[in-house]
Amino acid sequence: MVSHGLKASVLVGAVAVAVFAAAPRPAHAIEVLIGGRAQICSEQAKAGVASPLSLENCTMAILAEMLSGRSLAATYLNRGVMFLDRGDYGSAMRDFDEALAIQPDMGEAFVNRGAALIGLKRNQEALDEINRGLALNPEEPEKAYGNRALAKWNLDDLRGAYDDFMRAHELKPEWAWPTEQLANFRVERRAGR
């Protein structure tokens, strides 16, 4: 991981990329549900609320509501996002695994597994999971590219991180987070290239 204040640069082709700040936190993909505690869980995950009561709403939806298929998988996904926000990466991974056991083609669960693996400092595994998620066309690919950029950043692939932050920005220009991360880079054109 590039530490705060460290100036790192790489030359790839005709572009040098320098990084000036610590890597940011990963973004999370959520699923929106309608009805009962599952909806409350969904809304709270989307709002970034990860309180004990929010987690309880998700757990009660999983245990007490008659959720099936994608709705049950989405509720596990949303509770996993709350665990991510709390820094409880083990619990988050278990919930993402449950979501994938129910719905193996849920790209968001792979992307979020990648986010948890970044938190666990297992960045190469995170890249693999995020790439699996991207191959499944998640609903918010910009978050996958942002997370992949973080994993690359942590692996000192600064050019790859820059490219993925740029891709996230291109996919959703109104999302400030990738733009803020791009401000950590300085791109220089080298003469004669």
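Gln44 is found in helix 1, residues 36–47; helices here are DSSP runs of H or I with at least four residues, strands are runs of E with at least two, and both are numbered from the N terminus. The model is a predicted one, in which local features need pLDDT of at least 70 and side-chain atom pairs count only at pLDDT 80 or more, while totals for chains, interfaces and linings use all residues. Residues are numbered from 1 along each chain as its sequence is written, and side-chain values use heavy atoms, with hydrogens and water left out.

Is Gln44 buried or exposed? Gln44 is buried, because its relative accessible area is 18% and buried means under 20%, exposed over 50%, and partly exposed in between, with a 1.4 Å probe and protein chains only. Leaving aside neighbours within four places in sequence, Gln44 is in contact with Val49, Ser54, Asn57 and Met82, where contact means heavy atoms within 4.5 Å. With one of these, Ser54, the side chain of Gln44 makes a side-chain to side-chain polar contact at 3.3 Å. A polar contact is a pair of N or O atoms within 3.5 Å; within protein, one must be able to donate a hydrogen and the other to accept it, and residues adjacent in sequence count only if both atoms are side-chain atoms. Gln44 and Cys58, 14 residues apart in sequence, have their C-alpha atoms 9.3 Å apart.

Met82 leads us to the core. Beyond four places in sequence, Met82 is in contact with Cys41, Gln44, Ala45, Val49, Ala50, Ser54, Leu55 and Cys58. The largest nonpolar core has 45 residues, and Met82, Met106 and Phe165 have the most contacts inside it. Helix 3, residues 69–86, gives the most to this core, with eight residues. By definition, such a core is a set of buried Ala, Val, Leu, Ile, Met, Phe, Trp, Tyr and Cys residues joined through side-chain atoms within 4.5 Å. In soluble globular proteins, nonpolar side chains tend to be buried together.

Helix 8 covers residues 158–171, and its 14 residues should span 20 Å at 1.5 Å a residue; the end C-alpha atoms are 20 Å apart, which agrees. The expected span is 1.5 Å times one less than the number of residues. Which residues of helix 8 are buried? They are Leu158, Gly160, Ala161, Tyr162, Asp164, Phe165 and Ala168. An α-helix has 3.6 residues a turn, so residues three or four places apart point the same way.

The structure holds six aromatic pairs. Phe165 and Trp177 form an edge-to-face pair, 5.8 Å centre to centre with 75° between the planes. Phe165 lies in helix 8 and Trp177 in helix 9, residues 176–182, so the pair ties together parts that are 12 residues apart in sequence. Both Phe165 and Trp177 are buried. Rings of Phe, Tyr and Trp, the last by its six-membered ring, pair if their centres lie within 6.5 Å; planes under 30 degrees apart count as stacked, over 60 as edge-to-face, and the rest as tilted. Trp153, Tyr162, Phe165, Trp175, Trp177 and Phe185 form one aromatic cluster. As for charge over a ring, the charged end of Arg167 sits over the ring of Tyr145, 5.6 Å from its centre; the criterion is NZ of Lys or CZ of Arg within 6 Å of the ring centre and within 35 degrees of the ring normal.

Two further polar residues deserve mention. Arg113 is found in helix 5 and counts as buried at 14% relative accessibility. The side chain of Arg113 makes a polar contact with that of Asp97, at 2.4 Å. Outside four places in sequence, Gln103 is in contact with Gly69, Arg70 and Ala73.

Some backbone remarks follow. Asn137 has a positive phi of about 55° although it is not a glycine. Asn137 is in the loop between helix 6, 123–135, and helix 7, 141–154, and counts as exposed at 65% relative accessibility. Asp156, also not a glycine, has a positive phi of about 65° and lies in the loop between helix 7 and helix 8.

Finally, the chain as a whole. The secondary structure comes to nine helices and three strands, in the order β-β-α-α-α-α-α-α-α-α-α-β from the N terminus. Buried residues make up 51% of the 193 residues in the chain.
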